[in-house]
Every structure is written in structure tokens, then in C-alpha cells.
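Here is a short tour for someone meeting this structure for the first time. Keep the 3D view open while you read.

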Number of protein chains: 2
Amino acid sequence: MKCVSCKDEYGTADAGTCRECYEEASETEEELKREIEELKSKVNFLRFWTPLDSRPHHYHRSITPCFTDVLLVAFDEDSGKPVTDSVPVAANKAVLASRSPVFRAMLETEMEESLSGTIKLSDVSYDALRAFVHYLYTAEACLDDEMACDLLVLADKYEVKHLKTYCEKYMISKLNWESSLISYSFAHQHNANNLLDASLSLILDNMEKVSKLGEYQELVEKDPRLLVEIYEAYLSKQVNTAAVATPAAVVHESKVTRRIF
Amino acid sequence: MKCVSCKDEYGTADAGTCRECYEEASETEEELKREIEELKSKVNFLRFWTPLDSRPHHYHRSITPCFTDVLLVAFDEDSGKPVTDSVPVAANKAVLASRSPVFRAMLETEMEESLSGTIKLSDVSYDALRAFVHYLYTAEACLDDEMACDLLVLADKYEVKHLKTYCEKYMISKLNWESSLISYSFAHQHNANNLLDASLSLILDNMEKVSKLGEYQELVEKDPRLLVEIYEAYLSKQVNTAAVATPAAVVHESKVTRRIF
């Protein structure tokens, strides 16, 4: 027979679908592709032009007005001053409030931020602040390891779930057993449950190697409760594996017994 | 053989794909579905809460502030007053400017609308104005025949391409030969090229019946140039059909000839 898709000859053993199912599947694929095109065009429509778009270089002033009514400032808590080399990032209250319930609460009530028109964000670099505002406008960000961490922290603090998931996905794609313990601790601190699960799974698969990492010793000193949680999960996995393995072993043994006698 | 998809038995004549292609296609389908989920979540993130959302009934005042800084008024050009039973619809300049280049130009420059904070929209019902603003915030609209027309007119006037395409799709899905002439004329007036093409195609397929419609006579009086355009397309189609038909007829004839001798 000739495959209607790849046009190669194949035998009965390598047969896949009947023609009707192939045609249905092709139609489904076309429909899904159309849906994707429609959604992409919707995203493009809903995507906001960002106040940062109009600045070719970040220390140039915006050339065109862009309906901004609030300033975000990267603030250094220790010195009580804005972070060095940073300028305020202009944004629109409606955009901030629409994307983050924390900003919404700040701006809707008569809080300091609402009255002064300035929001101070502490413990954030100027670049991360710019990327954060850009994401709130466009749902887009260029991530590297550092930026993914910085944005996840902001996403957690300002409750921007979509951004948190986006950063978690990036960080999960970069996970390996050597970084799994740091990631677990980071995920724990910033309520990143997807990253937490992925890190834990890697740790449990490499428990012995992980227990010899320098970061493991640091955690013993700094936050031993986290290690207790990990060991509890490890124990639970061991018990479950044993429970699953036992009946199979019994079956296997009985088969062997039967074969001998 | 047994189809791996529907599990029914089938013979060689009804064979579709080989197993490898089936598995690849299944993976592709899963990937497309994941992409759709991601895009949906992006749309949900980018979708704006609308100032209308917080009003359970349109003549109730907004309960929570919603960062609006401009009012849109459905205006009756004849009386020089707002349309009866309408109240101003509050919106955010940044949202309007982001969705429509026409609003952007109005609001960025020192035009009347920018200074007064009020935009007057003529020849529009209050319901259509509300639906228009809602769409600009959310990319969503509930259409019926009347609303699709009203929103398409607004989309054309304020250059909101995404909404225009959305209305055109709805109107194309409702097209029939009896409405094709009115649709063609409407599409012509409001630069709706997709609807124009779809209407024209239906008209050309039903030329004789369409030429007996009451709307045809009306068009003869009001806008005969439109009918000329239609007849030109009809003539062109006739010529093309004849050109395509001729070689086929020749082939057919030669086959018949060969079979006889």
C-alpha cells in the first residue's frame, strides 16, 4: 500500500489509519491552524503599543506622547534613592490595573502611589523594571537566566500570573540536576509551583548526587526545613515505588515457579 | 487491518496513512492544541477589563473607578444633540489610541476631542457605541445582522481592521443570493473587500435571478456605476469560463474520437 501522506510503500504491519480517519485528521489540522491564525491576530490587536517602543534608546526622552499617567521607579531601599542610572518608566494606570490586582488596589484607592502618581519598586534593576512594564503592555519578554528570575520575582509580587507561568516555563526548560536544588529553593520562596514540582522531580531522581552539592550544605545551614520537605517526598516516593514493585515481583515469581514445576 | 484511530477493520482500498505518519500527525495535533491553549491564555491576559463591565445596567453609574479619561457620545448630527436615551460612554485614551489610528490622531494632537475630553460619534446608536468600545477593550462582540452592520461602519470609519474582519466574517456567513446585491453595495460603501468579493461571487452565480430583484431596480436609479462593475465582472467571468472550457472540450472530443476508431 502507498501512504497517502508520505507516499511511501508500506506493509500491513506498518499500517496506521483508514482513509476516512486520515481525511478527518487533515480537516482537524486545518481547523486548528485556522484557529491559531485567528488567535494570533487577536493577540496582535489586543497587544498594546508600549511607552517604551517609542524610545530608541532608554535614556532618550519619549518623542511622542503616549497617554501615560503614572511613573514607575526602580528604588534602592538601603539608600532611599532611585537605583543608579535609572530613569522613571512611564506607564498607564489602566494598563497596570488591568494586568495586576496589586497595582489595581494601589491605584484605585487613595494610597500614596495613587496620589503621587509614582510607584516605587524596590529590589529590582532598571532593566528588569523596563522588561516588566513591556510585558504588561505586550505579553512579550526576551528572557535569559537572570531576567527570568527577576521577572518571576516581580510577577509573584504583583500577582501577574501569566508572566509567572512564562518565566517558569523558561526556567523549567533550563533545569538540570545541578541547578535543581537552587531552583527548588527559589521556587519555594516565590510561590512558583510548576518550577517547584519540576525541580523536586529532578532532585528525587538524583538524590545521592544532589546531597553532595555545595548548595545542599548551604541549605542545611540556612533553611533545613526545605531539606526536610525534600526528604519527606523522597521517602514517600520510595514507599510508593516499593508498593508498586511488590505485586509485580510476586506475579513474576509465581510465573517463574509455574514454569519450573 | 485495524485502523489505529477509529479501531474499525478496513481493506487495502480504504487504506490511509502508514503508522509513522499517523504518529507524526498525532504529535502535530497535540502541538497545535498546546499552541492554541497558550494563545488563549495570552488573549485572556491582554484582554482589557472594560469600563462597561462594572455597570450591571447601562444607566447605572460606574461603581468602581476604572481609569477612564475620555467620554464618547453618540451624537445626532441633525439635532446637534446627543442621541436620545444615551449616556456618555467612558473610556481610556490609551486604549482608544492603541486600537484605532484615527482615535490616536485625534487624541495625540491638540484637536477639539483631546482638549475637551469628549469624542462625538455621529450616526451611531447608543448600543452600537457601547459594543464598539467593548470590542476595543476585549476583542469581543455579540453580533446580530444589525449590530454587524453598525460595527462594520464604525470599524471602517475609525480604521479598526480587526473588528472589520470580524464583522465581515459574520456577514459572509449569513450571505445568500437574495441579500447579495445589498451586501455588495454596503461593502462597496464601507471598503469591506472580503464581503465585496463574497457578495460578487454569489451575484455572478445567480445573475439572472439577481437582475429581477427590487434592489436591482433601486440600484439602477441610485448607483448604476455599481451595476456596471458587476456586469464587467460577469463578462470577464464568461470569457474566462469559455477560455477554460474550450481546450477541455477538445481533449474530450479527441478521446471520444480515439475510442470510436
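## A salt bridge out in the open

Start with A:Glu208, which counts as exposed because its relative accessibility is 59%, over the 50% cut-off. Its partner is A:Lys212: the two side chains meet in a salt bridge, with 3.2 Å from N to O. A:Lys212 also counts as exposed, at 62% relative accessibility. Keep in mind that this is a predicted model.

Chain B has a pair of its own to look at. B:Arg225 forms a salt bridge with B:Asp223, and here the closest N and O atoms are 3.9 Å apart. B:Arg225 counts as exposed at 66% relative accessibility, while B:Asp223, at 25%, counts as partly exposed. Over all chains, the structure holds 18 salt bridges.

## Salt bridges from chain to chain

How many salt bridges are there between chain B and chain A? The count is four. One of them links B:Glu38 with A:Lys169, whose closest N and O atoms are 3.1 Å apart. B:Glu38 sits in helix H1 of chain B and A:Lys169 in helix H7 (residues 161-173) of chain A, so this pair joins two chains. Both ends are partly exposed: B:Glu38 has a relative accessible area of 43%, and A:Lys169 has 46%.

Another salt bridge runs from B:Glu35 to A:Lys40, with 3.8 Å between the closest N and O atoms. As a bit of background, side chains of opposite charge can pair when their charged atoms come close.

## Where the two chains meet

Now zoom out to the whole interface. On chain B, 56 residues are in contact with chain A, and 56 residues of chain A are in contact with them. The area buried between the two chains is about 5000 Å², and carbon and sulfur atoms give 70% of that. Which residues of chain B lose the most area to chain A? They are B:Phe45, B:Leu46 and B:Phe67, which together make up 15% of what that side buries.

There are also 17 residue pairs in polar contact between chain B and chain A, counting pairs with both residues at pLDDT 80 or more. Several helices of chain B each supply at least two residues to the side that touches chain A: H1 (19-46), H2 (93-99), H3 (101-108), H5 (126-138) and H7 (161-173). H1(B) gives the most, with 17 residues. Sorted by type, the residues on that side of chain B divide into 29 nonpolar, eleven polar and 16 charged.

## A closer look at H7 of chain B

H7(B) has 13 residues, which at 1.5 Å a residue should span 18 Å. Its end C-alpha atoms are 18 Å apart, so the helix agrees with that expectation.

Which residues of H7(B) are buried? They are B:His162, B:Leu163, B:Lys164, B:Cys167, B:Glu168, B:Tyr170 and B:Met171. The cover over these buried residues includes parts of both chains: helix H1 (19-46) of chain A, together with H5, H6 (145-157), H8 (180-189) and H9 (193-205) of chain B.

Is B:Ser199 buried or exposed? This residue of helix H9 in chain B counts as buried, because its relative accessibility is 0% and the cut-off for buried is under 20%. Leaving out residues up to four places away in sequence, B:Ser199 touches B:Leu175, B:Ser180, B:Ser183 and B:Tyr184.

B:Val153, in helix H6 of chain B, counts as partly exposed at 26% relative accessibility. Beyond its neighbours within four places in sequence, B:Val153 is in contact with B:Phe186 and B:His190. The C-alpha atom of B:Val153 is separated by 38 Å from that of B:Glu31, which lies 122 residues apart from it along the chain.

## Chain A as a whole

To finish, step back to chain A. This chain has twelve helices and four strands. Of its 261 residues, 40% are buried. Among the contacts in chain A with a separation of 6 or more, 56% are between residues 24 or more positions apart.

Key: Residues are numbered from 1 along each chain as its sequence is written. Chains are lettered from A and ligands numbered from 1 in the order in which they are written. Side-chain values use heavy atoms; hydrogens and water are left out. Contact means heavy atoms within 4.5 Å. Buried area is the accessible area (1.4 Å probe) that two parts lose on being put together, summed over both. A polar contact is a pair of N or O atoms within 3.5 Å; within protein, one must be able to donate a hydrogen and the other to accept it, and residues adjacent in sequence count only if both atoms are side-chain atoms. Ala, Val, Leu, Ile, Met, Phe, Trp, Tyr, Cys and Pro count as nonpolar, Asp, Glu, Lys and Arg as charged, and the others, Gly among them, as polar. The expected span of a helix is 1.5 Å times one less than its number of residues. Buried means under 20% relative accessible area, exposed over 50%, partly exposed in between (1.4 Å probe, protein chains only).
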